[in-house]
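I opened the model and kept notes as I went. The entries follow the order of my look-ups.

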Amino acid sequence: MAEHIGRHGGQAIIVRPADQFSQTDDRSYLMRPAHRDDFIRLFEELHGRNILPGAIVHAWSLRADGAHISDASSFKESQEQRFYSLLFLVQEMGRRAEVGF
């Protein structure tokens, strides 16, 4: 998807789930899906660099392998990576909208 956006003149910021927050290159980040502070930090960094996105695609809930949740640990991981990440993303977007980004 990011390549498609680039071919059509746009610039994508890629954010992947990881065990800690870090910037891996100019437009790529790693962050902890279940940590609201990481979402706050991401938006602060993007705002500071004047590259806040005009649109967001949250695709962490998609699984290429088609696997289903089968046990409690998978359910917990699924909640962290899918539900809480989306919740924290929307909360931070709402907070930013209130202050005008």
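**Entry 1: Ile13**

I looked up Ile13 first: its relative accessibility is 23%, so I logged Ile13 as partly exposed. My cut-offs for relative accessible area are under 20% for buried, over 50% for exposed and partly exposed in between, with a 1.4 Å probe and protein chains only. This is a predicted model, where local features need pLDDT of at least 70, side-chain atom pairs count only at pLDDT 80 or more, and totals for chains, interfaces and linings use all residues. Residues are numbered from 1 along each chain as its sequence is written, and side-chain values use heavy atoms, with hydrogens and water left out.

Ile13 sits in the loop between α1 (2-7) and β1 (14-17). I take helices (H or I, at least four residues) and strands (E, at least two) as DSSP runs, numbered from the N terminus. What does Ile13 touch, leaving aside its neighbours within four places in sequence? I found Arg27, Tyr29, Leu46 and Ile51 in contact with Ile13; contact means heavy atoms within 4.5 Å. I also noted Ser28, 15 residues from Ile13 in sequence but 5.8 Å away in space, C-alpha to C-alpha.

Next I took helix α2, residues 36-48. Its 13 residues reach 19 Å from first C-alpha to last, close to the expected 18 Å. The expected span is 1.5 Å times one less than the number of residues. Which residues of α2 are buried? I listed Asp38, Phe39, Ile40, Leu42, Phe43 and Leu46.

Just after α2 comes Asn50, with a positive phi of about 60°. I flagged this, as Asn50 is not a glycine. Most residues other than glycine have a negative phi. Asn50 lies in the loop between α2 and α3 (72-98). Its relative accessibility is 70%, so Asn50 counts as exposed.

**Entry 2: the core**

I checked Tyr29 for contacts beyond four places in sequence. Among them are Ile13, Val15, Phe21, Leu42, Leu46 and Arg49.

**Entry 3: Glu92**

Beyond four places in sequence, Glu92 is in contact with Arg36, Phe39, Ile40 and Phe43.

**Entry 4: aromatic pairs**

I searched the whole structure and got four aromatic pairs. Rings of Phe, Tyr and Trp (its six-membered ring) pair if their centres lie within 6.5 Å; planes under 30 degrees apart count as stacked, over 60 as edge-to-face and the rest as tilted. Phe21 and Tyr29 have ring centres 6.0 Å apart and planes at 45°, so I marked the pair as tilted. Both Phe21 and Tyr29 are buried.

Tyr84 and Phe88 are stacked, at 6.0 Å centre to centre and 25° between planes. Both lie in helix α3, four residues apart, about one turn. Tyr84 is partly exposed at 30%, whereas Phe88 is buried at 13%.
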